[in-house]
Amino acid sequence: MYDKQCPACDYYCNLVRVRETVGNLVLQDARDGGSIVEEITARGWDIDQGMVVKVGTELYYGSEAIHALSLMSTNQGIFNRVAYWSFRSKSVSKVLYPFLRFFRNLLLKLLGKTKINNLKLKENDRF
C-alpha cells in the first residue's frame, strides 16, 4: 500500500523486486481506498506517514514495512542491494525511516500534493 502520486514512493515500489519464493508483489495505491485502507484506518495508522506491506494476513507499517520488503527482496541490481543493506536491520530501519518520511513529505509539499487523510483528521489535507 503506497501513494502513487508520490514520485519517491512510486519509484521505490516499482524498483523493489521480491524473491519468487515470496510470491508476487501487488502494488495498491492507497488513494484508491478499499478493504486494506479500511484495515489500516481501523488500526489508527496514518497512511500519509508510512507505507504498509501486507504479507498473508499480517500488516507491517512504516519502518517495519520497509524492513519486511528489504528481507523479501531479490538483492538483484544496485537498488535492491542498497535497500537490503540499508533496511535489513529493524533498528537501523527505525532510525532511517523517519528521514525518508521527512523528505517524502517535503517533496509532496513542494509539489502541492494533497494528503490521503485516511484517518479523516480535520485540517489535514495538505503536506
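Which are the buried residues of helix 2 (residues 35-42)? Select I36, V37 and I40 and you have them; buried means under 20% relative accessible area, exposed over 50%, and partly exposed in between, with a 1.4 Å probe and protein chains only. They sit on the same side of helix 2 because they cover an arc of only 100° around the axis, taken from the directions from the helix axis to the C-beta atoms. Helices here are DSSP runs of H or I with at least four residues, strands are E runs of at least two, and both are numbered from the N terminus.

A quick note before moving on: this is a predicted model, where local features need pLDDT of at least 70, side-chain atom pairs count only at pLDDT 80 or more, and totals for chains, interfaces and linings use all residues. Residues are numbered from 1 along each chain as its sequence is written, and side-chain values use heavy atoms, with hydrogens and water left out.

Just after the helix, click G44, which takes a positive phi of about 80°.

Go back to the buried side, where the cover includes strand 1 (contact means heavy atoms within 4.5 Å). Strand 1 (residues 52-55) pairs with strand 2 (residues 58-61) in the antiparallel sense over 4 bridges; pairing takes at least two DSSP bridges. Pick V53 and you'll find Y60 as its bridge partner in strand 2. The two strands form a hairpin with 2 residues between them, and G56 in the turn has a positive phi of about 65°.

Next, the charges. The whole structure has 3 salt bridges, each a side-chain nitrogen of Lys or Arg within 4 Å of a carboxyl oxygen of Asp or Glu. Show K54 and E39, whose closest N and O atoms are 2.9 Å apart. That pair links strand 1 to helix 2, 15 residues apart.

Then select D3, R31 and R104, which are linked in a network of salt bridges. R31 and D3 meet at 2.7 Å, N to O. R31 lies in the loop between helix 1 (7-15) and helix 2 and D3 in the segment before helix 1, so the pair ties together parts 28 residues apart in sequence. D3 counts as buried at 3% relative accessibility, and R104 is buried too, at 10%.

Last stop: helix 5 (residues 90-110), where F103 is found. F103 belongs to a nonpolar surface patch of about 790 Å², along with others including V92, F99 and L110. Patch residues have over 30% relative accessible area and no salt bridge, with nonpolar side chains (Val, Leu, Ile, Met, Phe, Trp, Tyr) joined within 5 Å and like charges within 9 Å; areas come from the Shrake-Rupley method with a 1.4 Å probe, and for residues only the protein chains shown count as cover.
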